[in-house]
Amino acid sequence: MVHHHRNYHVQPHRKEDLEEQQQQQQQKQKHQIQDPSVEQAHRLRHLMDYAYFVGHHRSRVSNTAFLRLLFLFSLISCTLLFAPRVFFSDDVEFRMRPREDDQSWAAPICCDRTAFRTDVCFMRGDVRTHAASNSIFLLSPSSSPSNSTVDEKIRPYTRKWEASVMSTIDELSLSTVAAANRCDVVHRVPAVVFSTGGYTGNVYHEFNDGLIPLYITSQHFDRQVVFVMLEYHDWWMTKHGHVVSRLSDYPPIDFSGDRRTHCFPEAIVGLRIHDELSIDAAKMKSNKSISDFRRLLDEAYAPRVRAIDRDEQSHRNNSNSSSSNSNNRSNEKAPKMVIMSRNGSRAIENEREVVEAAEAVGFEVEVMSPQRDTELARIYRALNSCDVMVGVHGAAMTHFLFMRPRSVFVQVVPLGTDWAAEMYYGEPARKLGLRYAAYKILPRESSLYRKYSRNATILKDPDSVNAQGWQVTKKVYLDGQNVRLDIGRFRKRLVKAFEYVTKKRRRQQLQQLQQLQPRQQRRIER
């Protein structure tokens, strides 16, 4: 929590007091002009007062002067050591990589616990892992005083406000020690330590709590970084290895499974996170944003997508079906819509009717039903080539990250999910540059309409139901509801999307034609 402080000055009311104050001010300015060191000392004194005030209550006892100076020295030291790496790491060459034989110094352990979502700690010097004790040690030099031991605890996961899930995350101990196990593996690049536990397995959390924060925290290392993972899962690396490989040139380390002592010149323990499925460009080097993360996804999935394309082309050639090829050619110019189908709760009960309505409007429709083991490159391939994605609010909407900017994302919003649909997917989609549209269903389009009376609070006042807590919301609106879309009403949304896509295509074609005309004119002149 950040506290904002204000200084209040009592103004004199009497004329004599005002004149006396003015004389004192003039005399003060005269001394400052005669001796510049007075002004410097004055500024330093105020800086010390402020630094001390941040960490402690004000005190006028004379013996606190030393403590003020000590606090200021620690604050400046930590800032000089880590601020360039954290905030300006790509703009300032700040390679904190001492020689292996250089034991003449060691940096402190600095932890930032001010954020609501996450804690992040920084270690610089001779950093060594010790999996047996769930510890990471910072070896102190022999010249360091014995009473300067630092010991910090951290659970490196980005949902620190959720006590229930944080209790499942392994806790690491970060300590300064005078002696430690010898290095079994020496790394000359930094480490980023984080957990792939928690809600891993849900695609929203895999991106929001893991991959995007990993990008925010590590992209400035230009892939010269080693990832050390707690709660390591082989399936997680199989699923997200394409993305991880674009952030690091080195194989990741299973912290608990690899009992060797790994040594690093520095380490970041924990991940930075900004907001839901988004990146605050103001906090990033060169104003990197969620669009830059999406470009990284392009690079990560492109090789696998090309391989899938080759396999399918080979299959089509072997099938030698002329009718199939002609159908493909006839549909190439039709705008493509992908419907993300759900099984279980929040399913579209009349999905077939929705497909037929979209095709009648003019779309080529593909229905996808992503599962936990569905290869992400295949989902990316479908959405990166589509013009419109339609789906009911849920974790699968995270895949809007795979869509090209200026594509259309239509989210069907069931009863009681307005706030979540907007916060988790609507606003982030707009930040990515998508044309977002929320289709908020009417009570009669919900399966709850057939279960409760028309005047039931669940139908008429979802906000009051949500006010009873997350578990009630989950039970009633997330797990207990399907949708049956009013085709006539939903068709209007489809028409608007189709008109937008076709107009966008015509503009692009016109721009391409305008770019070709000067080239053709130059060829004629030659």
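I began at Asp 479, which is in contact (heavy atoms within 4.5 Å) with Ser 345 and Lys 474, leaving aside neighbours within four places in sequence. This is a predicted model, in which local features need pLDDT of at least 70 and side-chain atom pairs count only at pLDDT 80 or more, while totals for chains, interfaces and linings use all residues. Residues are numbered from 1 along each chain as its sequence is written, and side-chain values use heavy atoms, with hydrogens and water left out.

I placed Asp 479 in the loop between H14 and helix H15 (487-525); helices (H or I, at least four residues) and strands (E, at least two) are DSSP runs numbered from the N terminus. I noted that Asp 479 counts as partly exposed because its relative accessibility is 41%; buried means under 20% relative accessible area, exposed over 50%, and partly exposed in between (1.4 Å probe, protein chains only). I then looked up Gly 344, which is 135 residues from Asp 479 in sequence and 8.2 Å from it in space, C-alpha to C-alpha.

I turned to helix H14 (residues 470-478), where Thr 473, Val 476, Tyr 477 and Leu 478 are buried. They lie on the same side of H14, because they cover an arc of only 150° around the axis, taken from the directions from the helix axis to the C-beta atoms. On the face turned away from the buried side of H14 I found the exposed residues Gln 471 and Lys 475. The cover over the buried residues of H14 includes helix H12 (457-460) and helix H13 (462-466).

I next examined helix H5 (residues 203-218) and helix H7 (residues 290-319), whose axes come within 11 Å and cross at roughly 95°. The axes are lines fitted to C-alpha atoms, for helices over the stretch in contact, with angles from 0 to 180 degrees between N-to-C directions. H5 is therefore roughly perpendicular to H7, a label that covers 65 to 115 degrees. I listed the residues making this contact, including Phe 207 and Leu 211 of H5 and Leu 297 and Tyr 301 of H7.

I followed Phe 207 and Tyr 301 into the largest nonpolar core, which has 57 residues and in which both are among those with the most contacts. A nonpolar core is a set of buried Ala, Val, Leu, Ile, Met, Phe, Trp, Tyr and Cys residues joined through side-chain atoms within 4.5 Å. Apart from this core I recorded another, of 33 residues, among them Phe 363, Val 392, Tyr 439 and Ile 458.

Definitions and conventions: Parallel < 35°, antiparallel > 145°, perpendicular 65-115°, else oblique.
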